[in-house]
Amino acid sequence: MKDVHMPNDVELITIPGNWNFDYRYFAGETASRFFAELKNSRRIMGTRCGKCRRLLVPARTFCEACYVETVSWEPVGEEGTLEVFTIVAAAFPGMPPPPFVIGYVTLDGADTSIANFIKGVDLSDIHAAGKSLLSRPRVRTVFSAEVQGRITDFHFELI
Amino acid sequence: MNARPVYLHGAATSVGWGDSRRSLTDMIFATVTDALRQSDAHMDAVDSVVIAAHDLIDGRSLSSMVTAPAAGSYLKDEMRVDEDGLVAASFAAARIEAGEARLSVVAAWGRASEGAPDSVSRVGFDPAFEKPLGLQELDISAVRLSAWLARYGDPGDSRAAATAARSMRAGRSPRALRVPSRDSVLAYPLRQAEGPKWADIVVAMIIGAAPSPVRVGGVGHATDLPRPGERDLVGMPALRQSAEMALRGSARGIDSIDLFEIDGMTLVEEALALESLGLAAPGHAFEHYALAENVNRAGGSAAAWCYPAMGLMRLAECFHQLSGTAGATQLDTAPRRAMAIGSSPLGAQTHTAVVLERA
Amino acid sequence: MSRRAAVVGVGQTQYRRRHSGRNTAELVREAVTAALTDAQMDLDAIGLVVGGVAPDALAGIDHVDMGSIARPGIPYFRVNTGGATGSSAFLAGLTWIAAGRCDAVLVVAVERMGHAVTAPKVFNSIFDPIYERDISLSTLSMVALRATMMIQKYGYTLEQWAHLAARNSELSLLNDTLESPRRFSAGDVLSSGVISWPIHKLEIGPVSEGACAMVIAAENRVGSRPAAWIRGASGLSDTYEMGSRISRAEGALVDVVTLRRCAAQAYRDAGVVDPAKEVDMVEIHAACASSESMGYAPLGICAPADGPRFLDSIVDGTARIAVNPSAGAQAANPVSATAMIRIAECALQIRGRAGRRQVDGIRLAVATGQGGATQFSTAVVLGAEPS
Ligand SMILES: [Zn+2]
């Protein structure tokens, strides 16, 4: 902008701002039961689609692929396979201190994978840890001592 | 160039408040499923999904990532407009006019009980010039009303009469929220009963190329100046322009419209729209609103309100009236032609108008 | 497509970390003015403006488009499909023309993510709040999860991605839309530190602000204007659930079923039978080297098992197809605009207006867009001839 009244060295202003809106997400009956099973029975449940017959884990009200309501509840095994993962090695605001492992695990009996933290991995050498996890290792569900009906009530550990 | 005609096959509306039995995606799935059932349609035949959703209303920073599959987007052509739901309907119709789709789901929602839409509206104001004043969306309605009052003076009992008519119509509507929800703090000169009835709303419609008794007659879009202070808040020119454009598309005049379903956040927008459209003489908006049987039959924002579902909810009301399925709000003589008008934040900067007609 | 249309104008601001000197409307105005000038058109000729802005939270202003992109007197709406926003806006504008609603559309995308002091928090808040947000997922960990699968399934190596990132950094020096291109070697990438294994810091596109605008015209309005004809355009959406896609019958997570299918549809519309032989250039929307390589096979420019070899051929310069001659999103990633820039770059190349990054003989080009949990895909095929 060329304007004789505009000094060349005008200080560029930044105005601080912060969005902080509160929400209360209704988990609904299906996820509420899933969390209740975690908390009360320390087991992971899926719901089965009557059309494609997949057992969806975590439990879903409806199958996104078939667009029909799921028909039954079934527990899955405590053990499973770590399909894909990443080792978060840098610090980000609002996240746990690095390094930590996130992965998707197909629990025995399930047809889909569930995301959670993978703990108990030796992360002293990130590259060595990464290479060792590429083999799709078996993992076991471990529940926290304190359960509150949230997805963080459990995590996975290598067997 | 002849666009292919677009027909409406069915509509479903869910209205509630804080029902913890259902997640947002559960609500969307149930409502779209209901709309398919009303339309005798199956999701397998749907080849287009168009949704209107807003990230901050939904509390999901990229809402459609989590919510679109609940509307049936799985391995389908899907578009999310970050606009009022009537824009989604217009866009879905364009897909069909273009021959790009044959059967489309249109869905829009807003779940006021999960978040804080009043607070969210504050961050839509310019951070340098407007936001520091602490304005919210509803304050624009108050300013609009005060501008109208300054121009035409106190309308006497007609404001109260319009409010009473609105609330009576909402009371009759099968698609109104009947439990207490949340009250907004309304700025002077707005009165509490003129404000919106916050609600959890999902609206779904099925539209397509196959003939049905109700078709789209015309579509119009118009845009106003960005800053509320620069606009003619009383005249609402974008509303009039969008309606004119929709009427041009249908090659008929406004006299041919038997029913108007107009979205406004408060009674003020709903009533002043009648002056903008030329249905009410200048200064007589509230009088006309109170007496007109063919305006906002379902009670407008007094029945249930949450951005960005409202334009689609108005279109669904038009559809119900035209197909004789409106229930207790059904006009004695089913209308032949109806117009739905939707608007976007802030203070209705853009308007969309859709004319529906019996085929 | 029922009505032929072409890109006749492209306008871009420079892409830089922060445009502290200009507000959003000023950025948009620069891109729009450039696009209209390039198209030799006035705003009066425009029948629709489509705005592309992804998460509002990145700009920290709700509906930042309303005061910057929307034009009084012209129909306007905004599209938001996350990372695919820019290409979705393009497809939406194209639909308007195909429907006969108007003859010329202006599509505009703008990114103000420099406003976001804690962008990673925003990128976590996109995930499902009920089952997944608490697991600290982010857009970057989504890329990394896929990268581990690409190593498992196709044998990609971290070194290959480092070489690809270095190759793209070399190209970025030719792109005059980048204010400060970064040049680095594969060694630099490998020693830049792991952010989310197997992703290194230097493979990741930088935070960028800027605006991109394009004019799309129906055939009757193209006239003698230099045109990039839209030969095919398609978009497809998928389930959100990554855990349902890992080894699905339709294709594995990293086979990007949506991209493969919408590219196939766009090729069919364009009359392209063998993309590996017919396509001259691709612009793949990918903020990281690994996700760029995830796009090759779905676009049909190499067989799935040949991905790593194809990557090597890009790095050593023997690939027949020009891949990301703009240097791609790894050089600038203004989230709302990135997918539109891919189309804009193809249009510039076809119209011979790509400046120092111009590649000779580009007559058929493909641009991709990716958004959500790699869940929204778009493919646009542009050609020098209408059909
Ligand atoms: Zn199923």
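This is a predicted model: local features need pLDDT of at least 70, side-chain atom pairs count only at pLDDT 80 or more; totals for chains, interfaces and linings use all residues.
Strands here are DSSP runs of E with at least two residues, numbered from the N terminus.

A:Glu79 stands opposite A:Arg140 of strand 8.

Strand 9 (residues 154–158) of chain A also runs antiparallel to strand 8, and five bridges join them. Here A:Val142 has A:His155 as its bridge partner.

## The zinc site

Let's turn to the metal. The zinc ion has the protein donors A:Cys49 (SG), A:Cys52 (SG), A:Cys63 (SG) and A:Cys66 (SG), 2.3 to 2.4 Å away. Donors are N, O and S atoms within 2.8 Å of the metal (3.2 Å for Na, K and Ca). The site is tetrahedral, with angles of 102 to 116 degrees among the four donor atoms; the label asks that all angles lie between 85 and 135 degrees.

The donor residues follow the spacing C-x2-C-x10-C-x2-C. Because A:Cys49 lies in strand 1 (residues 45–49) of chain A and A:Cys63 in strand 3 (residues 62–63) of chain A, the pair ties together parts 14 residues apart in sequence. Both A:Cys49 and A:Cys63 are buried (under 20% relative accessible area, 1.4 Å probe, protein chains only).

## Reading the model

Residues are numbered from 1 along each chain as its sequence is written, and chains are lettered from A. Local features need pLDDT of at least 70, side-chain atom pairs count only at pLDDT 80 or more, and side-chain values use heavy atoms.

How values were computed:
Two strands pair if DSSP finds at least two bridges between them. Helices (H or I, at least four residues) and strands (E, at least two) are DSSP runs, numbered from the N terminus. Four donors count as tetrahedral if all angles lie between 85 and 135 degrees; four count as square planar and six as octahedral if opposite donors are over 155 degrees apart and all others between 65 and 115; anything else is irregular. Buried means under 20% relative accessible area, exposed over 50%, partly exposed in between (1.4 Å probe, protein chains only).
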